[in-house]
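Please keep the structure in view while going through the points.

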Amino acid sequence: MEDYLLQYGVLVVYALLAIAVPIGMLLISYLATFIKIRPSKPNEVKLSAYESGLPPFGPKPVMFNFRYYYYAILFVVFDVETVLIFPWAVKYGVLSKQFGLIAMFAMFVFLFIVTVPFIYAWRKGDLEWIYNRN
Amino acid sequence: MDMIVENNIFRFIYCNLVNTNESCSDFGNFLGILPLGFEWLAFLISGFLLCFIYINGILGAVILSIWGERRLYGRFQNRSGPNRWGPMGVFTSTADAIKVMFKEDVVPVDADKFLFNLAPVLMVFPVFMVFSVIPVGIGTFVVDLNVGLLFILAVTSLSGLAVVIASWASGNRISIFSGLRAVAVLISYEIPMALSLVGVLMLSGTLSLNGIVEAQKIPFILLQPLGFVVFFLASLAEINRTPFDLTEAESELGAGYLNDYSSMKFGIFFLAEFAATIGASAVIATVFLAGWKGPEILPSHIWFGIKLILVLGLIVWVRMSWPRMRIDQILHLAWKGLFELTLINIIVTTIMISIKPDPSVNEMWIMAIINWVICIFSLIIVSKFLNRSVKDNFSNLKNTTPYPVGTEKIKSSFINKKEMVN
């Protein structure tokens with residue numbers, strides 16, 4: 001148990017370094033401004049957003065296609081499925097010896113329950129990028 | 001302290017610092033600089049040094065891989081590639097890294113300053129974290145988590161967040177479109193990516209990557225061809241590589257969410273992208289090509305390196321061979337193609353394991369042949385099916401406004417001024 005926690009201690013050290021390295025790079029780059037290695041000459045054109053050479057126009061919170069939202073909802077549904085299927089997959093070798101075919105059919109029932117709404121969403125046209133519900 | 005005994009680098013540093021009997025006694029003379037009460041200090045120092053070595057190794061590998069890939073692109077296009085700095089141009093990417101560090105840094109006025117600076121850090125963090133659980137050789141890893149594969153999947157999904165933050169903080173409409181596209185692709189491909197690993201988990205019975213390597217009597221690419229194909233395509237999409245790199249579709253979006261990034265921030269995005277490529281090939285090499293396992297002619301680290309470079313070469317080959325796909329094609333491939341393939345893979349593997357719970361090596365070869373036949377048939381069927389659904393889509397297109405623009409000829413009525421006013 002102690003060993004198990006020690007591993008996560010090393011992982012925390014690793015995570016801190018993984019954050020520190022890019023921040024350090026940015027910091028070195030930033031500090032180079034003060035010793036006049038890195039130029040800094042901003043002007044109005046340079047500081048405007050680059051939209052292929054045209055001056056930026058239009059409302060600033062940009063409106064975008066609603067289609068992205070459908071994919072996000074579908075993602076939530078099926079990502080939960082993967083979370084539930086992982087433990088079963090890891091222990092399947094043990095389970096199939098212990099319970100035989102019941103372990104298999106239990107998961108097939110679950111897969112069936114998940115697949116039905118998938119087919120429903122497909123038939124309704126929610127998987128299409130070009131939305132065309134006539 | 002099992003962890004110290006298993007992890008060679010960690011054990012070497014730790015035992016040189018504090019020579020305790022329980023973990024260092026079985027072989028070798030270690031220095032033992034610190035007195036015996038300071039195990040915690042030795043633990044911290046050796047953990048830090050181990051992580052430091054690892055991260056520096058990753059940075060070095062990225063610098064080398066950028067040079068190597070550019071050389072390969074050159075050879076694919078029948079030119080010589082970068083060849084000026086150092087022998088065969090090895091130092092080209094080093095020079096690039098130093099140059100990009102001292103370029104002028106421009107932050108646009110519309111940008112959200114804090115998020116704009118946060119995004120590159122958030123982008124590179126998950127990529128570094130992926131490497132922490134990958135065993136590079138026998139006993140060479142940072143940590144061997146018992147949930148390693150799940151950890152990788154969890155951590156890589158952070159990169160989607162980084163892309164959204166980068167695109168939104170730029171305050172640039174082109175960046176936002178690119179970021180939203182990227183997220184749609186990233187989250188769509190996460191599902192086939194996770195489900196394609198289920199077959200591997202069933203065969204190995206563990207989530208630890210070291211355990212998966214040890215469980216491979218024959219490489220899992222033979223037993224799980226369908227899983228390999230799906231995982232390879234999904235990881236190409238996750239790391240924004242061609243043919244799925246529409247976030248950086250130059251003809252439509254400029255550089256995508258990188259439009260307003262300059263100087264070291266751009267450099268870090270660049271680093272993250274190439275490090276992600278190495279990370280993806282490392283995961284594929286570990287999970288499907290038996291990682292550090294190989295005949296004992298060569299040391300385990302070299303075997304891992306060879307496999308990693310093979311997968312990296314395959315990714316470069318794919319990049320040079322295929323054109324970029326449209327967003328609807330990419331999303332349809334994920335939902336209508338790969339998702340079904342993973343379900344087929346899960347069902348086939350489940351049935352196979354129920355028939356033979358503990359197969360010998362010979363039985364595994366028979367399983368491999370059956371799996372390959374099923375793989376090729378299901379790939380053909382699904383590709384025919386996908387092709388049909390794409391054609392259906394185009395027949396629908398005639399009745400609606402063409403979107404994305406440019407896939408149809410612009411009708412003359414669109415140019416009519418009256419129509420435009422209405």
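1. Which side chain meets that of B:Asp358 in a salt bridge? The partner is A:Lys97, at 3.2 Å from N to O; a salt bridge is a side-chain nitrogen of Lys or Arg within 4 Å of a carboxyl oxygen of Asp or Glu. Across the interface of chain A and chain B, the rule finds two salt bridges.

2. The model is predicted: local features need pLDDT of at least 70, side-chain atom pairs count only at pLDDT 80 or more, and totals for chains, interfaces and linings use all residues. Residues are numbered from 1 along each chain as its sequence is written, chains are lettered from A in the order in which they are written, and side-chain values use heavy atoms, without hydrogens and water.

3. In chain A, 70 residues are in contact (heavy atoms within 4.5 Å) with 91 residues of chain B. The buried area between these chains is about 7500 Å², with 76% given by carbon and sulfur atoms; buried area is the accessible area (1.4 Å probe) that two parts lose on being put together, summed over both.

4. Leaving aside neighbours within four places in sequence, A:Ile85 touches residues of both chains, including A:Met107, A:Leu111, B:Leu195 and B:Ile346.

5. A:Leu16 lies in helix H1 (residues 2-31) of chain A; helices are DSSP runs of H or I, at least four residues, numbered from the N terminus. A:Leu16 counts as exposed, at 56% relative accessibility, since exposed means over 50% relative accessible area (1.4 Å probe, protein chains only). Between A:Leu16 and A:Met63 there are 47 residues in sequence and 37 Å in space, C-alpha to C-alpha.

Technical notes
Helix = DSSP H or I, 4+ residues; strand = E, 2+ residues; numbered from the N terminus. Buried < 20%, exposed > 50% of the residue type's maximum accessible area, 1.4 Å probe, protein only.
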